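The following note sets out points for a colleague who is reading this structure. Please consult the sequence and the model alongside each point.

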Amino acid sequence: MKTMENLSTIRKEAVEKIKACKDNGALNQLRILYLGKKGPIQEVMKTMKDLSKEERPAFGAKINEIKQELSALIEDRRTLLAEKEMAEQMEQEKLDITLSGFVPNVGNLHPLTIVQQELEDLFVGLGYSVAEGPEVECDLYNFERANIPKDHPARDMQDTFFINVEELLRTHTTAVQMRQLEKYHEEGKELIKVICPGKVYRRDDDDATHSHQFMQCEGLVIGKDIQLSDLKGTLDFMAKKMFGESRVIRFRPSYFQFTEPSVEVDVSCHICGGKGCSVCKGTGWIEILGAGMVHPNVLEMAGYDPNVVSGFAFGVGIERVAMLKYGIDDIRNFYTNDLRFLKMFNRFE
Ligand code: PHE
């Protein structure tokens with residue numbers, strides 16, 4: 001069986017060559033050599049005629065088997081080489097997508113602006129308009145029209161920076177309300193719904209809860225038959241929108257020169273829900289604003305007849321709302337421009 005031996009030598013050699021083959025070109029050469037028309041296997045086949053009739057079928061089958069085996073080996077090798085080539089290419093053309101790109105510096109709104117805009121949205125939704133006024137204000141609108149005449153002791157509560165005897169840095173945005181009241185009267189209107197957000201100034205020693213400059217958002221509603229219950233409903237709505245739907249409010253008697261009666265408004269603590277905690281100092285309530293029914297003198301000074309129209313006013317501190325909403329314990333954080341603080345309000349980071 002010389003031919004059979006030849007055949008297995010050829011097979012062995014072919015298998016080794018295929019396994020050692022390093023590139024596609026060489027692999028093709030091997031394919032042509034072993035499976036093509038001229039090659040060692042074909043050579044051996046020529047000797048088939050020398051075999052006996054009985055030996056031939058086994059020999060033919062063996063050749064087919066070897067051809068099939070080699071063909072499969074070549075295909076496997078081709079796949080392997082292709083994978084290797086791809087891996088090498090990937091390695092060379094490596095694109096490190098884990099490298100962070102250039103992150104654009106996206107700014108964000110100041111927390112006080114966020115709260116101011118929330119309040120504006122809320123009241124605009126109730127049909128109010130938004131009014132602004134000068135920060136350097138006349139004594140007339142800041143005090144006198146608010147029923148605080150010159151030399152009245154109520155002025156002591158709101159000492160401020162005077163530019164001259166008649167001009168000062170406004171102490172409350174009530175001054176804007178007084179301007180609006182006058183304007184609406186001149187226009188002959190008997191329904192006013194306005195909010196006045198803005199900066200105000202007082203002679204205060206700055207500490208964790210006081211600042212010589214802070215922000216207010218005051219509201220004024222004038223019309224026929226406006227009552228204290230309207231004020232309560234409005235503020236209840238505001239408290240729920242700003243601090244959560246389960247909040248309730250309560251009124252306590254208070255004193256403001258420009259409202260009568262005057263109330264201090266507390267909202268049930270949004271941290272403990274009213275049980276008492278350190279934020280509400282154990283009371284379950286947090287004071288958020290001052291309010292009341294517009295004093296008849298104020299209406300009269302603007303030209304309105306207090307027997308015909310009535311109204312309510314309220315004033316909320318924007319810092320106070322922001323501090324409660326975001327759990328900020330020092331008002332000075334709002335003004336020192338520390339980016340670590342300001343960026344906490346960035347929705348994109
Ligand atoms: N103007 C008052 C203040 O600055 C707040 C206030 C506004 C109170 C309107 C009553 C009505 O403290």
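1. For the residue classes used here, Ala, Val, Leu, Ile, Met, Phe, Trp, Tyr, Cys and Pro count as nonpolar, Asp, Glu, Lys and Arg as charged, and the others, Gly among them, as polar. On that scheme, the shell around the ligand holds five nonpolar, seven polar and two charged residues.

2. The model is a predicted one, in which local features need pLDDT of at least 70, side-chain atom pairs count only at pLDDT 80 or more, and totals for chains, interfaces and linings use all residues. Residues are numbered from 1 along each chain as its sequence is written, and side-chain values use heavy atoms, with hydrogens and water left out.

3. The chain falls into domain 1 (2-93) and domain 2 (111-348), the bounds being taken from an automatic or database domain assignment. Taken over C-alpha atoms, the centres of domain 1 and domain 2 are 93 Å apart.

4. Which residues come nearest to the ligand? They are H172, T174, R202, Q216 and E218, out of 14 residues around the ligand; a residue is near a molecule or strand if one of its heavy atoms lies within 4 Å of it.

5. Several polar contacts (a pair of N or O atoms within 3.5 Å; within protein, one must be able to donate a hydrogen and the other to accept it, and residues adjacent in sequence count only if both atoms are side-chain atoms) deserve attention. An N or O atom in the side chain of R202 lies 2.7 Å from an oxygen atom of the ligand. For Q216, a polar side-chain atom is likewise 2.7 Å from a ligand oxygen atom. The side chain of E218 has an N or O atom 2.8 Å from a nitrogen atom of the ligand. Of the 330 Å² of accessible area that the ligand has on its own, the protein covers 93%; such areas come from the Shrake-Rupley method with a 1.4 Å probe, and for residues only the protein chains shown count as cover.

6. Two or more residues of the shell are given by each of β5 (213-223), β8 and β9. The largest share, three residues, is that of β9. Helices (H or I, at least four residues) and strands (E, at least two) are DSSP runs, numbered from the N terminus.

7. An open sheet of seven strands runs in the order β1-β4-β5-β9-β8-β7-β6, with mixed pairing. Its edge strands, β1 (129-130) and β6 (249-256), each pair on one side only. Two strands pair if DSSP finds at least two bridges between them.

8. Strand β8 (residues 285-294) has eight of its ten residues buried, where buried means under 20% relative accessible area, exposed over 50%, and partly exposed in between (1.4 Å probe, protein chains only). Strand β7 (residues 259-268) runs antiparallel to β8 and is joined to it by eight bridges, with V265 opposite L289 in β8. The pairing of β8 with strand β9 (residues 310-317) is also antiparallel, over five bridges. There, G290 has G315 of β9 as its bridge partner, and G292 stands opposite A313 in β9.

9. G274 sits in the loop between β7 and β8. This residue counts as partly exposed because its relative accessibility is 34%. The C-alpha atoms of G274 and L81, 193 residues apart along the chain, are separated by 74 Å.
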